[in-house]
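Hi,

Here is the structure I promised to pass on.

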Amino acid sequence: MEALGYKDDIVNGGAAAGQNTLQLIAFSIGEQTYGVEITTVREIRAWNGATPLPNTREFVRGVINLRGTIVPIFDLRARFGEGQTSPTKNHVVVVMSVGEKWVGILVDAVSDILTVSKDDIHNVPEGNSIDTELLNGIVTHDNRMVGLIDLHAVVSGAKMDG
């Protein structure tokens with residue numbers, strides 16, 4: 001699978017094409033900071049549990065009913081291979097649109113909104129295959145590294161094969 005870098009995707013027709021900055025919602029998983037383009041975020045809500053589904057991967061926590069729309073919830077910590085999150089009342093679900101569908105990702109906390117220059121987005125260094133598969137790029141902001149989430153990759157492979 002050949003993946004275009006995040007920077008290429010945004011510059012070549014992304015929602016913010018023509019501008020040299022990108023706004024991200026930043027959130028944390030442990031000590032790591034990740035971000036998604038702000039235009040994909042529909043809402044941020046407190047963790048209230050999810051209805052589990054059979055035959056799904058460990059990173060699929062289940063579904064929630066969001067005003068009549070069934071939204072699958074993905075545990076981002078588990079998706080990155082770091083074990084399932086033990087959610088508390090402090091954890092949040094970031095509900096986003098991925099194409100025509102809505103998905104939620106369970107994260108430890110939402111930290112802030114970042115404005116970054118597209119010129120500051122770098123390719124993910126080779127090494128950890130999960131990171132290179134699930135991230136579109138890395139940007140440094142205020143002396144911290146922020147991984148840019150590839151939402152399509154995060155939500156793919158949700159059903160068990162077989």
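**What I found**

The protein exposes about 8900 Å², and carbon and sulfur atoms supply 47% of that area. Keep in mind that this is a predicted model. Of its 162 residues, 47% count as buried. On the fold itself, the secondary structure comes to 4 helices and 11 strands. Among contacts with a separation of 6 or more, 57% are between residues 24 or more positions apart.

An open sheet is built from 5 strands in the order 3-6-7-5-4, with mixed pairing. Its edges are strand 3 (41-46) and strand 4 (60-66), each of which pairs on one side only. From one strand to the next, the twist averages 30 degrees. Strand 4 runs antiparallel to strand 5 (residues 69-75), and 6 bridges join the two.

The largest nonpolar core has 28 residues, and Phe27, Val36, Leu76, Ile105, Val107 and Ile149 touch the most other members. Elements that each supply at least two residues of this core include strand 1 (21-29), strand 2 (32-37), helix 2 (76-79) and helix 4 (151-155).

Cheers

Notes. Residues numbered from 1 in each chain as written. Predicted model: local features only at pLDDT ≥ 70, side-chain atom pairs only at ≥ 80, totals over all residues. Heavy atoms only, no water. Buried < 20%, exposed > 50% of the residue type's maximum accessible area, 1.4 Å probe, protein only. Contact = heavy atoms within 4.5 Å. Areas by Shrake-Rupley, 256 points an atom, 1.4 Å probe, with all protein chains shown as cover. Pairing = 2+ DSSP bridges. Axes fitted to C-alpha atoms, helices over the stretch in contact; angles between N-to-C directions. Core = buried A, V, L, I, M, F, W, Y, C linked by side-chain atoms within 4.5 Å.
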